[in-house]
Amino acid sequence: MKRLIPLPLVAFVLPCLPGCQDGKPGDSGLTARDSVGIQIVESSAPLLGPGAWTISEEPVLQIGEGEGDERYMFPDIPFYRERGTGGVFQLDDGRIVVAEDNENAIRFFDQTGAFLSQFGRRGEGLADFRIGPRACVAHGDGIAIVDGMERVSFFNAEGEFLDRTEIHLSVWTNIHGIFPDGSILTQARDLKDETRWTPGVHTESAIVSIFRPDGQPGTWTLTMNGRRTVLTTWRDSPTVLDQPFGPQLILLTLGEEFVYGWADSYDLQVFDRGGMLKRIIRRDWDLVPVTEEDREWFTSSLFEFAGGGEDARTLVEGLIFPDHQPVFDRILSDALGHLWVRRFDARSVWEARGGGGTYPMDWDLFDPSGRWITTLTLPAHFAVHSIGADHIIGVWTDEDYVQYVRKYALDRGG
């Protein structure tokens, strides 16, 4: 069954959640409504105020070397901004798991950062990787590894192979998350949509679906906004680019639900496993215009990146900019079911090393009911990969583009 996302049309007010009764200064400014069976949670201010949650000033653990022992060198830890997955996380016993795409390896480190063991190689065996680990995440008390675009392999906490799910998808399909029972959240581009090859700006359709643990497709698909593109010319050929400052799809699992974000507005949609929209999470946000300075900066950066000359000039002349910037560019879920939403900062993101911002980046945090509770600022050049109950783990990249695994202590404010 294929269906479009239903849009709420009629709303009536429900009793507010705690903290939203009066809308006075200092409270959460929270309202909860129901629209044709869809809960809408809207916040105008954080429930706990900014800075209620903090991280340690310095990392409590750092693993990595620029040269020397290759077991501590991480040239290619997988990272995809639009997905709720990463390549680094902590097991329940405190060991750190790190995926290395180029090396086709999963490495284990102890609580002090000392290397313990590793497994993986390129191949077709049970514990082998066909392409390389594109994501490595906790799954129960074990490990789930996304191998390319169509396989998910499951291992126990010691790295012993348990099972594998193989799905057959189009070349334009990505895996965005894994549910507790091993079902797989996917997003595919609509290959029948040829509008991207016509002049102008286009929003491609994304086909979202869940594959069962046996690799078979589910009974439904959702058609959503996917990739916003612009058609230009590169070396005398039509070329499709992501629209500069344009919104893109973000998709991730959240327990037994999944979250869809389209960053044209501050609007997060939460669906159940059956593909039904259950709630919408919103917060007040003033859209940030794309300025002439922004346009000039991006155009000159792309011109230089394309090598200059006539081909580069033709490429940038075809650019079309939106009126405003995206609201956010990453969404993650933590071990306690909170959503972490990173606010968009174009220059900080695009000039960054390894997925972290050039400058410290602000993340809005929402509790499992959808209330905006606080905003937390994370360090520059640090890309978050996983968030536990009391820690954040990610990858920090230095000025020489050497990657280090870093762990910060997380204080949730008591």
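Mentor: Strand β12 (residues 142-147) is joined to β13 by 5 bridges, and the two run antiparallel. This is a predicted model, in which local features need pLDDT of at least 70 and side-chain atom pairs count only at pLDDT 80 or more, while totals for chains, interfaces and linings use all residues. Residues are numbered from 1 along each chain as its sequence is written, and side-chain values use heavy atoms, with hydrogens and water left out. Strands are DSSP runs of E with at least two residues, helices are runs of H or I with at least four, and both are numbered from the N terminus. Two strands pair if DSSP finds at least two bridges between them.

β13 also pairs with β14: 5 bridges join them, again in an antiparallel arrangement. Phe155 of β13 can be followed to both neighbours. Ile143 stands opposite Phe155, and in β14 the bridge partner of Phe155 is Phe161.

Of the 5 residues in β13, 5 are buried (buried means under 20% relative accessible area, exposed over 50%, partly exposed in between, with a 1.4 Å probe and protein chains only). In a regular strand the side chains alternate between the two faces of the sheet. Here Arg151, Ser153 and Phe155 point one way, Val152 and Phe154 point the other way, and all are buried.

The hairpin of β13 and β14 has 5 residues between the strands, and Gly159 in this hairpin takes a positive phi near 90°. Glu158 forms a salt bridge with Arg95, with 3.4 Å between the closest N and O atoms. This pair links distant parts of the chain, 63 residues apart: Glu158 lies in the loop between β13 (151-155) and β14 (161-166), and Arg95 in the loop between β7 (88-90) and β8 (96-100). A salt bridge here is a side-chain nitrogen of Lys or Arg within 4 Å of a carboxyl oxygen of Asp or Glu. Side chains of opposite charge can pair when their charged atoms come close.
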